Amino acid sequence: MNELKTQRPLAAKRILVGKPGLDGHDIGAKIVALTLRDAGAEVIYTGLRRTPQQIAQVAVDEGVDAVGLSILSGSHKELVADVLAQLRALKAGNIKVFVGGTIPRADQDVLREMGVAAVFTADMPLDDVVAELAHQLS
């Protein structure tokens, strides 16, 4: 079992990857989704231009362990706050939320203070993303 967990550190985890807001660029989100899948997670991808309400509802309906938000538009603070509020309104505030994309260094701590479990930037190796998620979801 330990060998399986090492090879597929996210086995048995369900992770939603969402693109909130009007941003129409999703290559990074798709790469992360495929990486998480290859690490053993069952990944649900919401597609482009979803509202925070839609993302939170899908997260609850699918019974996910975590929600990953890919945001390149610069509206990460507002969108993350809305997703977190929607999850709390649905009594799902325990679902871990992580954020990736174009997140200025100064905003990363702000997002963590809001309740984000992890912030990933484009320059982070994908293996580090998987390792951090495995740690957060263990």
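Residues are numbered from 1 along each chain as its sequence is written, and side-chain values use heavy atoms, with hydrogens and water left out. Because the model is predicted, local features need pLDDT of at least 70 and side-chain atom pairs count only at pLDDT 80 or more, while totals for chains, interfaces and linings use all residues.

**Overall fold**

Let's start with the chain as a whole. It has six helices and five strands, where helices (H or I, at least four residues) and strands (E, at least two) are DSSP runs numbered from the N terminus. Along the sequence they follow the pattern α-β-α-β-α-β-α-β-α-β-α. The radius of gyration is 14 Å, which agrees with the value near 14 Å for a compact globule of 138 residues; this radius is taken over C-alpha atoms, and the globule rule is 2.2 Å times the number of residues to the power 0.38. Taken along the principal axes, the C-alpha atoms fill a box of roughly 40 × 30 × 25 Å. Buried residues account for 43% of the 138 residues; buried means under 20% relative accessible area, exposed over 50%, and partly exposed in between (1.4 Å probe, protein chains only).

**Pocket and cavity**

Grid points are joined across faces, edges and corners, and a volume is the space filled by probe spheres set on the points.

The largest pocket holds about 350 Å³ of space. It is lined by 23 residues, with Gly 28, Ala 29, Val 32, Gly 100 and Gly 101 the closest to its centre. Helix α2 gives the most to this lining, with five residues.

There is one cavity of 30 Å³ or more. Among the residues lining the largest cavity are Lys 96, Val 97 and Phe 98, and β4 gives the most to that lining, with three residues.

**An aromatic pair**

The structure holds one aromatic pair. The ring centres of Phe 98 and Phe 120 lie 5.7 Å apart and their planes meet at 70°, so the pair is edge-to-face; rings of Phe, Tyr and Trp (its six-membered ring) pair if their centres lie within 6.5 Å, with planes under 30 degrees apart stacked, over 60 edge-to-face and the rest tilted. This pair links distant parts of the chain, with Phe 98 in strand β4 and Phe 120 in strand β5, 22 residues apart. Both Phe 98 and Phe 120 are buried.

Lys 19 sits in the loop between β1 (14-18) and α2 (27-38) and counts as buried, at 0% relative accessibility. Its side chain makes a polar contact with the side chain of Asp 23 (2.6 Å); such a contact is a pair of N or O atoms within 3.5 Å, where within protein one must be able to donate a hydrogen and the other to accept it, and residues adjacent in sequence count only if both atoms are side-chain atoms.

Arg 49, in the loop between β2 (42-45) and α3 (52-62), has a positive phi of about 55° although it is not a glycine. Lys 91 is not a glycine either, yet has a positive phi of about 60°, and counts as exposed at 76% relative accessibility.

Technical notes. On a 1 Å grid over the protein atoms alone, a cavity is a set of points where a 1.4 Å probe fits but cannot get out, and a pocket is an open set with protein on both sides within 12 Å along at least five of seven lines; lining residues have an atom within 4 Å of a point.
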